[in-house]
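Subject: Structure handover

Hello,

Here is the structure I said I would pass on. My notes on it follow below.

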Amino acid sequence: MRSTQFKNGKISGFTLVELLVVIAIIGVMVGLLLPAVQAAREAARRMQCSNNLKQIGLGLHNHHDTFRHLPSNIRPNAVSTVRIRWATFLLPYIEQNTLFEQVDQNRNWSDATTDPATPARTPNRTLFGTRIPAYECPSAPNGTIVDGAPAPETWAPIVANGDYAGFYGVSPELQTLGLVDPASVGVANGALSKTARLNFRDFTDGLSNALHLTESAGRPHVYRRGRLVITAAPASNNRVNGGGWCRPASELNVLRGASADGVSFPGPAAINVTNGEPLVTYPHPFYNVDGTSQIYAFHPGGTNALFGDGSVRFLSASIPIRQLAQVVSRNGGERNELE
Amino acid sequence: MQLSNPLPSRSVTFLAIALCILTLGCQKSEERVATFPVSGKVLKGGAPINYATIVFHPVNASDTATEKPRGITNPDGTFQLTTYDGNDGAPAGSYQVTIQQWLTEKPEEGPKNRLKEKYSDPKTSPLTATISEGSNDALTFSVD
């Protein structure tokens, strides 16, 4: 039929059916490709996140080589109320030495004043509003300045966020619930400490069997299973206590877990269920002035984790809390059943 | 392009079988036991206590690693139990009950149990409870 049309030297164009078929094929191909493109973008972000953790891990080892101890959340000797997080002491080892040199280590991270002897200095609070790309997971929804000090003033967003945090220990509640090995339990057996300057000698389970840092993203807003449920706002304590990369309260505190829907604490679900317990009263009866965060990454299926030996692994959200507690504890002498 | 021919029944059967095989493993593997709402109160010397962790240990549990119903008291001493999702209650049955109160008074020390040790272990705890099908909302536990 078509050949007769060509015989007359006239091109009639496409029929409606041909057009529809072509459009349908294009539609199907776009439908197939679009999720693949999105997945590739997320995979790239996850790789960048794991690279951030790798850089932090190298920095931690370099810090240990220099000072013979890991950067710690211990209160500096100067003033008892001064609190400075490991992330601040790590700055010179991730190419942020200029920022580190401006920090006044005799003042708290939230201090808005400067030493009268050097009035030209920038107050710590302003310095900690600086975003550090290595401390942020690219998959996480980060604002410019999102976390603040819960006391003595009214909470307001003043400092920049960091998405990486570690554990002080494993909550003894989990032993009563029969969810972890008794050897894993301890409030000060994690890779981070607020009372001591840990060094590699303290990791008696072996550095490769100790979880050093993992993700807790989206703070101080409360996320549960991918949904934003509470937005942090001034004049309300309904938010996760934690988020700012300079705050020692941004640590994951003790491994506690949650119910499967992330509403009730403690519980058997520990990864990607919720990014923390909403702080209702401050100081909190259980957490006191420390953080209420939980492991939470915006990567589908799990979270990136840095181990003591500097390796970065992906922890699946389905790993039992018993196995997680085995790597959170650095000195329990228990088996590492992970992998 | 003729679509008027009905699909042969053989290929329909084949498609159905293929679909069944492809979706194998898609069902939820997690098995949940039916739970019933449980609430109550914890008193110490007659007064309600805040932030007491209450755990129900099944008496006839074949597997000790199963999720235990648990709850934490509010400032007025009231609690609700959670087994799988928040405040969903507990499966019916009889339980040994343990109560601990993990409070952090000094941040550098971390949480410590403020109640007597005998309430921490289901073997030594004098507290028991029976959960029946339906609503259980008048449980009161007293500790000294």
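In this predicted model, the largest nonpolar core holds 93 residues, and the members that touch the most others are Ile56(A), Leu90(A) and Phe167(A). Helix H7 of chain A (residues 321-328) gives the most to this core, five residues. In general, nonpolar side chains in soluble globular proteins tend to be buried together. Leaving aside residues up to four places away in sequence, Leu90(A) touches Ile56(A), Gly59(A), Leu60(A), His63(A) and Pro71(A).

Ile56(A), Gly59(A) and Leu60(A) are also among the buried residues of H2(A), together with Arg46(A), Cys49(A), Asn52(A) and Leu53(A). Helix H2 of chain A covers residues 16-67, and its 52 residues should span 76 Å at 1.5 Å a residue; the C-alpha atoms at its ends are 76 Å apart, in agreement with that. Arg68(A), which follows H2(A), has a positive phi near 65°.

What do the buried residues of H2(A) pack against? Their partners in chain A are helix H3 (86-90) and the strands S1 (164-165), S3 (211-215), S9 (302-307) and S10 (312-316). These four strands of chain A form an open sheet in the order S1-S3-S9-S10, with antiparallel pairing. S1 and S10 of chain A are at the edges with a single partner strand each, so one side of each has no neighbour in the sheet. H2(A) lies across S1, S3, S9 and S10 of chain A and runs at about 20° to S9(A).

Within the sheet, S3(A) and S9(A) pair in the antiparallel sense over three bridges, and Leu211(A) has Phe307(A) in S9(A) as its bridge partner. S9(A) and S10(A) are likewise antiparallel, over five bridges, with Leu306(A) opposite Val312(A) in S10(A). The hairpin of S9(A) and S10(A) has four residues between the strands, and Gly310(A) takes a positive phi there, near 95°.

Some backbone details in the loops of chain A are worth a look. As background, most residues other than glycine have a negative phi, and most peptide bonds are trans.

- Arg219(A) and Pro220(A) are joined by a cis peptide bond, with omega about 0°. Pro220(A) is in the loop between S3 and strand S4 (222-224) of chain A.
- The bond from Phe265(A) to Pro266(A) is cis too, with omega near -10°. Pro266(A) is in the loop between strand S7 (254-255) and strand S8 (278-279) of chain A.
- Arg225(A) is not a glycine, yet has a positive phi of about 50°. Arg225(A) sits in the loop between S4 and strand S5 (227-230) of chain A, and counts as partly exposed because it has 13 C-beta neighbours inside 10 Å.
- Asn288(A), also not a glycine, has a positive phi of about 55°. Asn288(A) is in the loop between S8 and S9 of chain A; with 20 C-beta neighbours inside 10 Å, Asn288(A) counts as buried.

Among contacts in chain B between residues at least 6 apart in sequence, 62% join residues at least 24 apart.

How many residues of chain B are in contact with chain A? There are 24, and they meet 23 residues of chain A. On the chain B side, strands S3 (53-58), S6 (93-100) and S7 (102-103) of chain B are the elements that give two or more residues. That side divides into eight nonpolar, eleven polar and five charged residues.

Regards

Note on methods: Residues numbered from 1 in each chain as written. Chains lettered and ligands numbered in written order. Predicted model: local features only at pLDDT ≥ 70, side-chain atom pairs only at ≥ 80, totals over all residues. Expected span 1.5 Å × (residues − 1). Buried ≥ 20, exposed ≤ 12 C-beta atoms within 10 Å, placed from the backbone. Contact = placed C-beta atoms within 7 Å. Nonpolar A, V, L, I, M, F, W, Y, C, P; charged D, E, K, R; others polar. Core = buried A, V, L, I, M, F, W, Y, C linked by C-beta atoms within 7 Å. Pairing = 2+ DSSP bridges. Axes fitted to C-alpha atoms, helices over the stretch in contact; angles between N-to-C directions.
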